[in-house]
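I opened the file to look up how the chains are built and where they touch. My notes follow in the order in which I looked.

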Amino acid sequence: MRIYAIAVFLFLYVPIGIIVLFSFNAGRHASELKGFSIQWYDKALSNPFVGDAFVTSLIVAFSVAILSSLMGTAAALALQRLKGTPKMLFDGLIYVSVMIPGIVIGIATLVALVTVFDFLNPLLASAWPEGSKPPKLHMGYASVIAAHTLFTMSLVIILVRARIAGMDRALIEASMDLYATPWRTFYQVTLPQIYPAILAGFLLSFTFSFDDFIISFFVAGANTTLPIYIFASIRRGITPEVNAIGTMVLVASLVLLLTAQFLLRKRTQR
Amino acid sequence: MPKQSSDSQELDIEFRNVTKRFENVVAVDDMSLSVERGAFFSFLGPSGCGKTTSLRLIAGFDQPSEGDVFISGKSVVGIPSHKRPVNMVFQQYALFPHMDVTDNIGYGLRQRNPKPGKQEIIKRVDETLEMVRLSGYGKRRVWELSGGQQQRVALARALINHPTCLLLDEPLAALDRKLRREMQIELQTLQRDVGITFILVTHDQEEALSMSDRICIMREGQIIQTGSPRELYDEPVDRYVADFVGRTNFFDGDVIDITASTATVKSMSGQIFVGSQPKGATALAKGSKACVAVRPEMIAIKAVNDASHSSNISINGQVMNRIFLGEHSEYLVATEGCGDVMVLSPRSTESMNRSFVPGDHVSISWGPEAALVIGNT
């Protein structure tokens with residue numbers, strides 16, 4: 001049993017360890033170690049394609065994180081008031097949407113968007129005045145952000161709802177009792193109580209979107225996010241540069257995830 | 001301005017035929033009551049009797065399904081809690097965990113429109129902290145405080161707003177016994193000092209008896225009896241009240257004779273009891289079932305061969321158990337035909353006579369003035 005467990009962990013972590021190790025390799029080939037060097041980090045960071053992909057990923061991830069934490073929190077607060085069958089229905093739908101595989105979201109979003117674009121683009125073209133170029137809807141930032149948000153919003157809803165459920169309802173009543181209007185009660189009492197969950201949801205959404213390859217691959221259109229760039233460059237062979245990029249993404253993701261975990265653990269004492 | 005009548009008639013809180021339903025459950029059932037200004041008023045009853053709902057109807061967290069609630073003579077039906085001039089001390093205090101003591105206490109003042117100045121708020125928070133004996137604790141986080149201190153912060157947070165009426169929902173339930181005793185005295189003193197109406201909800205009869213001017217005993221959403229602690233203790237209108245307030249021995253039987261204020265009851269075993277009928281109770285009819293209630297401290301315990309007054313009711317029995325409680329002893333006496341009877345015997349009479357041990361044959365007795373004949377509900 002112990003050997004089995006060790007084998008599982010080795011299988012999980014050794015490849016990751018090797019990527020990190022070889023990213024510091026002074027040699028040119030991924031197969032032999034030739035001393036320590038950070039030249040591949042230098043190379044990766046000065047590569048303009050990596051830079052562009054990184055910026056694209058940041059823009060997408062940041063928009064996704066903001067949208068999903070805003071909409072997710074609003075949805076969680078509203079769902080809190082539901083009772084009975086509608087509540088069960090929405091709860092079920094939210095959990096299902098977290099469990100749907102990325103590839104399904106990717107294909108479904110692609111098909112849906114293509115259908116909508118095919119329907120809308122001729123309409124737009126005909127409605128547009130003669131002479132000027134009509135706008136054309138196409139895959140791009142908006143479609144990746146929408147597809148990612150679809151998934152991450154559910155994460156935020158689940159996190160925030162757990163936090164609201166753990167919150168003392170009497171706090172809200174106490175605030176109302178002390179002359180605070182519902183709106184003031186929300187930002188003076190409810191929000192300070194649930195913000196760790198919102199922030200954790202923000203960070204998780206960011207990490208998810210930043211690391212996601214499958215959904216982005218389907219709906220990103222001409223935009224190249226960092227995972228798509230890595231995928232593309234691997235086809236030309238695994239270079240130590242890719243290892244360096246992978247290691248940087250790994251460290252950044254870990255930091256964000258640990259921060260999220262810390263925020264969720266943190267209890268406002270009672 | 002509503003018309004004001006004489007001082008003693010001024011009402012702070014009034015319920016007129018208030019009913020509150022939650023889906024199919026009736027929490028408060030056609031309740032009418034009034035609380036005079038400056039009174040210490042308690043709702044007493046077991047959990048689920050509607051006492052907390054009554055309090056929440058005053059606070060505005062719930063709205064009545066039927067009837068009218070008045071605060072200072074004005075109907076508040078439909079008015080949300082943040083517009084009502086009452087404040088509440090919550091059962092678990094509900095202090096804001098993300099604020100320090102000062103910010104918690106000043107919360108109510110900061111919501112006011114127009115908002116008082118910063119200096120004014122600081123001054124009043126300091127005064128209130130002093131009133132609840134927590135000077136110097138302003139910068140503490142609320143979770144650093146002990147239960148008793150949190151309790152006092154909750155009181156200060158409510159009282160700083162000078163509410164018409166302070167609502168207390170089982171405020172002492174979370175404290176240990178000794179602290180509870182201290183806070184009972186403190187609450188009473190505080191109420192006298194600030195002079196505003198306190199409305200307390202509790203299931204602890206001792207708490208209600210020791211602090212309140214008036215107590216309202218509830219059951220299943222209805223008021224069973226309202227009165228001073230002494231009235232409830234000495235003249236309970238039915239068995240439920242007698243049982244709930246203090247401890248009582250009950251003897252069941254049939255009413256065989258009735259006069260204007262007394263009744264005679266014959267038990268199954270043939271024992272005849274005479275007792276008075278409490279004021280305000282539903283009148284008993286001859287032949288109906290009734291019970292005789294006798295407080296344990298009203299019963300004298302003697303050796304069997306002692307001579308006793310002839311007018312007293314006297315029953316023979318055997319001591320089953322004795323608990324020494326310091327200032328008095330509690331006996332459990334198994335009687336012939338009247339079940340087990342609890343007797344509280346004060347130390348002073350015990351030293352004059354002698355104390356009994358389990359197995360002793362004794363005679364217990366009480367005068368007719370000590371017994372109440374009440375409906376058997």
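I began with the order of elements in chain A. From the N terminus on, I read α-α-α-α-α-α-α-α-α-α-α. My tally for chain A is eleven helices and zero strands. I note here that the model is a predicted one.

Next I looked up the extent of chain A. The C-alpha trace spans about 70 × 70 × 35 Å along its principal axes.

How many of the residues of chain A count as buried? I found 33% of the 270 residues in that class. I also checked the contacts in chain A with a separation of 6 or more, and 78% of them are between residues 24 or more positions apart.

Then I turned to the place where the two chains meet. On the chain A side I listed 17 residues, and they are in contact with 17 residues of chain B. Which helices of chain A each supply at least two residues of that side? They are helix H7 (169-177) and helix H8 (182-211). H7(A) gives the largest share of the side of chain A that touches chain B, namely six residues. I sorted the residues of this side by kind and got nine nonpolar, three polar and five charged.

I moved on to chain B. Its division is into domain 1 (7-234) and domain 2 (296-366). Between the C-alpha centres of these two domains of chain B I noted 42 Å.

In chain B I then followed a sheet. It is an open sheet of four strands, in the order S2-S1-S4-S5, and the pairing is antiparallel.

Strand S1 (residues 11-22) of chain B and S2(B) run antiparallel and are joined by eight bridges. I picked out Phe15(B), and its bridge partner in S2(B) is Leu33(B).

Helix H1 (residues 51-59) of chain B lies across S1, S2 and strand S4 (66-71) of chain B. For the angle between H1 and S2(B) I wrote down about 65°.

How values were computed. Residues are numbered from 1 along each chain as its sequence is written. Chains are lettered from A and ligands numbered from 1 in the order in which they are written. This is a predicted model: local features need pLDDT of at least 70, side-chain atom pairs count only at pLDDT 80 or more; totals for chains, interfaces and linings use all residues. Two residues are in contact if their C-beta atoms, placed from the backbone, lie within 7 Å. Ala, Val, Leu, Ile, Met, Phe, Trp, Tyr, Cys and Pro count as nonpolar, Asp, Glu, Lys and Arg as charged, and the others, Gly among them, as polar. A residue is buried if 20 or more other C-beta atoms lie within 10 Å of its own, exposed if 12 or fewer, and partly exposed in between; C-beta atoms are placed from the backbone. Domain bounds come from an automatic or database domain assignment. Two strands pair if DSSP finds at least two bridges between them. Axes are lines fitted to C-alpha atoms, for helices over the stretch in contact, and angles run from 0 to 180 degrees between N-to-C directions.
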